[in-house]
Structure formats: structure tokens, C-alpha cells
Amino acid sequence: MLRFLLKGIFGCFVAQAAAAVPGAELPPADKPADKSGYTLWNPTPRALMREMNTDRPDRTESPYTVDAGHVQIEADVVSYAYGVENSGPGHTRVDAFAFAPLNFKVGLCNSADFQMVVPTYNSIYVRRSGTSHTDRISGFGDLVTRVKVNLWGNDGGDTAFAIMPFVRWPTSSAGVGNDNIEGGIILPLSVALPRGWTMGTMLEVDFNDDDDLISRHTAVINSITFSHSILGDLSGYVEFFSDLDTGSDAAPWRATADFGLTYQVTPDLQLDAGVNVGLTRASETLNTFLGISMRF
């Protein structure tokens, strides 16, 4: 797996070194375009760009990358979630708001892009039963950097697959994050199904620090999503999401059923909205959001 990842990233630099002069002519219409020579410094011509694919609004990551030399921004306009934790005779309710967290992407070459997931402002309210006092935690979250390398299917075919390693940096305000450098790898797969349906699935393995900051444990995330056009540029999806943390002090299994809509306003602008419903006691009870994605 590491060999494929390094091969994909190395291929970007080879392509950049051998790139044609910017503004090269497009290939004849009856021949598939060779886009391997386009890089961050020699952007893919608009006529050769693939359809915009996003890693949102479902939580299953996409295996498709941003075209070389182009930028894509995907963001929640606003997100609200609440959950209830039962402990002993009482319970604790948590309400969380996130304002404009975004994923900034730039295409490095035809098969790889670089991403920065920037969590902007978070506001968390914690209230315990039997009290009138509410604790408030607010501030910025942890920055995540990711590299996505598509191994096949980026520009056609019934399936597409990618490798996406990531690192989470401790940039959060006190109380919002855990002040540790953590990371993991994501393996997203997309499959075209009959009658216009598309299936996406993902395996993610996170390597997280224990509370003692000495040992580490893993969290395994799985998801599967199905999407289909509803009417014109309006599409919908349904998703199952699972998060199992193996740490001794971690929360039990968390799982949600997710539903949402996307509307393709233009080829470079998408609006979305969705709701994630908790299926287990450890999950957030409800998470709703509005989002936008733009490509330049």
C-alpha cells in the first residue's frame, strides 16, 4: 500500500518535470485525453476537467481527486449537533455548533491532490441533569492535512479507488482537542451500479493517543453510501456510518444513519443539506448541517 502511495506522489513530480508547455492543444475528440502532463504549475484545461466530485455531504470520502492546478473548497455553512450521555442516575446533554469548517483542496497532478481540513470556530455547551449551570467550551479545532492519491478510475470506469493518508495537528483551543499529533489512512471506493445508482464505501484506520500520552490505540471507521439523482440536478443519498474505537477509555461503538440532498447549481458550485441520526447510545443523537462546495 505504501508502494502505491509513493508511486502516485512520485508520478506527480515526474509529470511536472516532463510537462508540456502550458496551453498545449487538446487531443482529437475521438481519442481519450492524456492528462498525465498537467500539474499544479500547468493546470488541466477546463475542457478536459472531470465532473466535480466532493468528499461531502456524506461522510464517505470520495476516491476522485481535484484536477491538476485547480482549487476546490468544501465547507459547512453551519452545523449543529446534540447528544445525551447517560452516566449513573443522571445524564449530560451536549450541544455543539460549528461555523464554516472547510476542506481546502488543490490538485497536484491528475491523480493526486493535497487537502487542508480547517475547523474554524466551534462552540460546545454541556449541561448536566439536576443543575441549571451550563459549561461552555469554544474555540478553534485541530487542523488536518491529507494527500489523496487515486489509483484507478479517476477519469472513467465503473469503479474508482484511492489512498488518503492524513495527519491531525494539535492546533485547537483548550478543551476542544486533545493536544496530540495523530493520523491515519483512508481507503475510499466508488462503484457505479445499475439504474443510475452509485455506491461509495470507505475503510478508515486512525492511530490515536491514549489519555496517558504514552501508548496508542486504533479506531476503525467503516461506511457505505448509496446515491441517486432525484430530479434534474437534485440528488439524494442514504448512508450507514460506523466508528469503533479500541481504546480502553474510548466511547463504545458509534453508528449513525445519514440522509442528505445535493443540488448542482453550476458545474463548479454545489449546495447540500443533511442530517445524521444516531443509532447507538454513544452516538450523537442528531447532527444537521448546510453546506457548499466551489471549484476554481
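## Pockets and cavities

A pocket, on a 1 Å grid over the protein atoms alone, is an open set of points with protein on both sides within 12 Å along at least five of seven lines. A cavity is a set of points where a 1.4 Å probe fits but cannot get out. Lining residues have an atom within 4 Å of a point. Grid points are joined across faces, edges and corners, and a volume is the space filled by probe spheres set on the points.

The model is predicted: local features need pLDDT of at least 70, side-chain atom pairs count only at pLDDT 80 or more, and totals for chains, interfaces and linings use all residues. Residues are numbered from 1 along each chain as its sequence is written, and side-chain values use heavy atoms, with hydrogens and water left out.

## The second largest pocket

This pocket has a volume of about 1200 Å³. It is lined by 43 residues, of which Glu51, Met52, Asn53, Thr198 and Ser227 are the closest to its centre. Strands S9, S10, S11 (216-231), S12 (234-245) and S13 (254-266) each give two or more residues to the lining. S11 gives the largest share, 5 residues. Strands (E, at least two residues) and helices (H or I, at least four) are DSSP runs, numbered from the N terminus.

By class, the lining has 12 nonpolar, 22 polar and 9 charged residues. Here Ala, Val, Leu, Ile, Met, Phe, Trp, Tyr, Cys and Pro count as nonpolar, Asp, Glu, Lys and Arg as charged, and the others, Gly among them, as polar.

## One cavity

The whole structure has 1 cavity of 30 Å³ or more. The volume of the largest cavity is about 50 Å³. Its lining includes Arg50, Glu51, Met52, Asn53, Asp67 and Arg295. The lining divides into 3 nonpolar, 3 polar and 4 charged residues.

## Salt bridges

A search finds 18 salt bridges (a side-chain nitrogen of Lys or Arg within 4 Å of a carboxyl oxygen of Asp or Glu) in the whole structure. Arg50 and Asp67 form one at 3.6 Å, N to O. Both stand in the loop between H1 and S1, 17 residues apart.

Glu74 and Lys105 meet at 2.7 Å, N to O. This pair links strand S1 to strand S3 across 31 residues. Glu74 and Lys105 are buried. Arg168 and Glu182 pair at 3.1 Å, N to O. Arg168 is in strand S8 (residues 159-169) and Glu182 in strand S9, 14 residues apart. Salt bridges that share partners also join Asp55, Glu61, Glu74, Lys105, Arg146 and Lys148 into one network.

## Backbone and surface

The Arg56 to Pro57 peptide bond is cis, with omega near 5 degrees. Pro57 lies in the loop between helix H1 (2-17) and strand S1 (71-87). Two residues other than glycine have positive phi: Ala100, near 55 degrees, and Arg195, near 60 degrees. Ala100 is in the loop between strand S2 (90-99) and strand S3 (102-109). Its relative accessibility is 35%, so Ala100 counts as partly exposed. Arg195 is in the loop between strand S9 (182-192) and strand S10 (198-209). Arg195 counts as exposed because its relative accessibility is 78%.

Trp197 is also found in the loop between S9 and S10. Trp197, Phe226, Val238 and Phe259 form a nonpolar surface patch with about 340 Å² of accessible area together. Such patches join nonpolar side chains (Val, Leu, Ile, Met, Phe, Trp, Tyr) within 5 Å, from residues with over 30% relative accessible area and no salt bridge; like charges are joined within 9 Å. Areas come from the Shrake-Rupley method with a 1.4 Å probe; for residues, only the protein chains shown count as cover.

How values were computed:
Buried < 20%, exposed > 50% of the residue type's maximum accessible area, 1.4 Å probe, protein only.
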